[in-house]
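Got your viewer open and a selection tool ready? Let's take a short walk, one stop at a time.

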Amino acid sequence: LKADARVLLNRARLECQSYRLSMEDAPSLEYITRYVASVQQRYTATGGARPFGIAMLLAGHSVEGKASLYLTDPSGTYSSWRAVAAGRNDKSVNEFLEREYPADDADELSE
């Protein structure tokens, strides 16, 4: 699984470099997340290719300073989160985050 992560990370780095060279601007986190998810989906849908067996958490911030967190899964779907865990014991951690992470303070956290 470390090899899967290394391959996806290298492909994402290469896409970031390509985007910066062609657009003369840094790619957004959502763009890179869509790219990684499309690569994962392509390998899942292609016959004869082993799908990636990892979920990826991608975190970053916009130019305005707004934080973003995305989760991709091996099937190629992605979603935006305020707080999420992936991996072993993720269900118990996500339950904890749902209980303890303040849902009403979304505006206060971004300020």
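Start with salt bridges, meaning a side-chain nitrogen of Lys or Arg within 4 Å of a carboxyl oxygen of Asp or Glu. By that rule, the count here is one. Before you click, know that this is a predicted model, where local features need pLDDT of at least 70 and side-chain atom pairs count only at pLDDT 80 or more, while totals for chains, interfaces and linings use all residues. Residues are numbered from 1 along each chain as its sequence is written, and side-chain values use heavy atoms, with hydrogens and water left out.

**Stop 1: the salt bridge.** Select Asp-4 and Arg-50: their side chains meet in a salt bridge at 2.7 Å, N to O. The pair joins distant parts of the chain, with Asp-4 in helix 1 and Arg-50 in the loop between helix 2 and strand 1, 46 residues apart. (Helices are DSSP runs of H or I with at least four residues, strands are runs of E with at least two, and both are numbered from the N terminus.)

Are these two partners buried or exposed? Buried means under 20% relative accessible area, exposed over 50%, and partly exposed in between, using a 1.4 Å probe and protein chains only. Asp-4 has 5% relative accessibility, so Asp-4 counts as buried. Arg-50, at 58%, counts as exposed.

**Stop 2: Glu-15.** Now move to Glu-15 in helix 1, which covers residues 2-23. Glu-15 is buried yet has no salt bridge; Arg-11, the nearest side chain of opposite charge, is 7.8 Å away. (Lys and Arg count as positive, Asp and Glu as negative; His and the chain ends are not counted.) What does Glu-15 touch, leaving aside neighbours within four places in sequence? Show Tyr-31, Ile-32 and Tyr-35, which are in contact with Glu-15, that is, with heavy atoms within 4.5 Å.

**Stop 3: an aromatic pair.** The whole structure holds three aromatic pairs. Rings of Phe, Tyr and Trp (its six-membered ring) pair if their centres lie within 6.5 Å; planes under 30 degrees apart are stacked, over 60 edge-to-face, and the rest tilted. Select Tyr-19 and Tyr-31: the ring centres are 4.7 Å apart and the planes sit at 45°, so this pair is tilted. Tyr-19 is in helix 1 and Tyr-31 in helix 2, 12 residues apart. Tyr-31 is partly exposed, with a relative accessible area of 26%.

**Stop 4: helix 2.** Finish by selecting residues 29-45, the 17 residues of helix 2. Its buried residues include Leu-29, Ile-32, Tyr-35 and Val-39. The buried residues of helix 2 pack against helix 1, strand 1 (56-61), strand 2 (67-72) and strand 3 (78-81).

Key: Lys, Arg positive; Asp, Glu negative; His and termini not counted. Expected span 1.5 Å × (residues − 1).
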